[in-house]
Amino acid sequence: MDSAIDRNTGQIIDGEQLWYIDPVDKNGYLCRGCGVQVNPVSFELHHKVRPHFKELPTAPHEDWCDVDGEVKLVESARKKSVTTKDGFPGSFPAKLHLVDERAIITPAGIPASGAHRTSSGGASSGTTTGKRHTQWTANTIRPICRTFMNFPHDRLLPLDVPGTYGKTYDEVVRKLASGDIVSYPKQHIFAAPLSWSKPEDSNGKLTIKLSYGFWANKNLAQPYRVIIDYTGWSDAKKNYVLAEFEVSRAEAVKLGKPGKSSPKAWVFFLGEQDAANPSDFIVKDHRLICCLTGEL
Ligand SMILES: [Zn+2]
């Protein structure tokens, strides 16, 4: 599982956030679907893989929990829309809400029981895929970006990200122009592939080069850059952001195959475009940048 509920705060935590949570409470996380305890794994940086959550043999998911089914759903969603006349069959983040990380909130993603799941009846069909929209609130852009990537044919799902243009995934999230520097009149969550050059770290800023931008004579003459201003961040948070670039790059190499649609490390961010240097976007909050591997 990519994310789970923090038992103490009720907030949904991305596996990647375990990189900076210290110490990780092994008993502190609950399934986003059914609320059983789940096990945080691979969160030490030396693992060099994405931290995530696993079902405990002693605490299996409730039979109505849909979290396990998400993997299968994503497999078919890569090929075609999975939305039917009954709506979207899974749960998805429909809102971004940045909260104080220690604040205690009402668990948004955890249903009190399986009662929300209405059966479509039809005993002969043997299915229980009743109409159900479980929309939850994300605390970083990552689950939103993951949904954008995993459901390329279902981007009309509603999405509310304060300060951005649009009301659907399709409108809110945009790929940057691949071959030119564009001044964007509206705010979006932007995405572009990570370049091969290492992030530069100086004067309290990390500079991340992207592999889209202005091309001249078959050379990327001016790449888009994400400038991460980490003023006031702990070292753990800075290292967490850097770790995700490294892991994502390694994932892309591992999944690499010849051809144009090869999986890439995609940087997603919500930042301020520099009016004087429109190739640059400034990001100041670690919850507003992430890097995911796959095809967009
Ligand atoms: Zn569950």
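What is the volume of the second largest cavity? In this predicted model, local features need pLDDT of at least 70 and side-chain atom pairs count only at pLDDT 80 or more, while totals for chains, interfaces and linings use all residues. Residues are numbered from 1 along each chain as its sequence is written, and side-chain values use heavy atoms, with hydrogens and water left out.

The second largest cavity comes out at about 40 Å³. A cavity here is a set of points, on a 1 Å grid over the protein atoms alone, where a 1.4 Å probe fits but cannot get out, and lining residues have an atom within 4 Å of a point. The volume is the space filled by probe spheres set on the points, which are joined across faces, edges and corners. Around this cavity sit Arg-142, Tyr-240, Val-241, Glu-244, Phe-245, Ile-289, Cys-290 and Cys-291. Helix H4 (235–255) and strand S16 (289–294) each give two or more residues to that lining, and H4 supplies the largest share, 4 residues. Helices (H or I, at least four residues) and strands (E, at least two) are DSSP runs numbered from the N terminus.

Then there's the zinc ion, held by Cys-31 (SG), Cys-34 (SG), His-61 (ND1) and Cys-65 (SG) at 2.0 to 2.4 Å. Cys-31 sits in the loop between strands S3 (29–30) and S4 (38–41), and His-61 in the loop between strand S5 (52–55) and helix H1 (69–77), so this pair ties together parts 30 residues apart in sequence. Both Cys-31 and His-61 are buried (under 20% relative accessible area, with a 1.4 Å probe and protein chains only).

How values were computed: 1 Å grid on protein atoms, 1.4 Å probe; cavity = no way out; pocket = protein on both sides within 12 Å on 5 of 7 lines; lining within 4 Å. Donors = N, O, S within 2.8 Å, 3.2 Å for Na, K, Ca; no water. Buried < 20%, exposed > 50% of the residue type's maximum accessible area, 1.4 Å probe, protein only.
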